[in-house]
Amino acid sequence: MTDTDVLRRIEGFSLTTAEILYRLPDHPRLLQSYIWQDYDLAPRFPKLTDFLGFWAANLEGALYRVRVAHRRLIAPQEFSFVAGELRLH
């Protein structure tokens with residue numbers, strides 16, 4: 001791990017995974033999946049937003065849905081067991 005990686009983690013950057021579903025240009029009724037990963041900053045996701053902007057401006061496949069996974073969206077410390085029940089904080 002480099003010094004730059006450590007600084008980015010301190011700033012809150014963490015591995016972000018996005019599943020991007022898009023319509024095939026020649027067959028718009030069919031969906032294709034693309035997995036994108038990079039270190040990004042939740043909850044605004046500037047790198048992912050830039051990538052999706054690039055996609056919309058330069059690629060023919062229309063975006064259908066984007067699902068994002070990032071450790072700050074849901075993390076184990078956000079859950080607790082209380083009297084046998086799982087509760088979100």
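On the surface, Met1, Val6, Leu7 and Ile10 form a nonpolar patch with about 450 Å² of accessible area together. Areas come from the Shrake-Rupley method with a 1.4 Å probe.

This is a predicted model, in which local features need pLDDT of at least 70 and side-chain atom pairs count only at pLDDT 80 or more, while totals for chains, interfaces and linings use all residues. Residues are numbered from 1 along each chain, and side-chain values use heavy atoms, without hydrogens and water.

Leu7 is found in helix H1, residues 3-10; helices are DSSP runs (H or I) of at least four residues, strands (E) of at least two. Leu7 is exposed, at 51% relative accessible area; exposed means over 50%, buried under 20%, and partly exposed in between.

The largest nonpolar core has nine residues: Ala18, Ile20, Tyr22, Trp36, Ala42, Phe45, Leu48, Leu52 and Trp55. A nonpolar core joins buried Ala, Val, Leu, Ile, Met, Phe, Trp, Tyr and Cys residues through side-chain atoms within 4.5 Å.

Ser14 also lies in strand E1. Is Ser14 buried or exposed? Ser14 is buried, with a relative accessible area of 12%.

Finally, the protein chain follows the pattern α-β-β-α-β-β-β.

Conventions: Buried means under 20% relative accessible area, exposed over 50%, partly exposed in between (1.4 Å probe, protein chains only). Patches are made of residues with over 30% relative accessible area and no salt bridge: like charges are joined within 9 Å, nonpolar side chains (Val, Leu, Ile, Met, Phe, Trp, Tyr) within 5 Å. A salt bridge is a side-chain nitrogen of Lys or Arg within 4 Å of a carboxyl oxygen of Asp or Glu.
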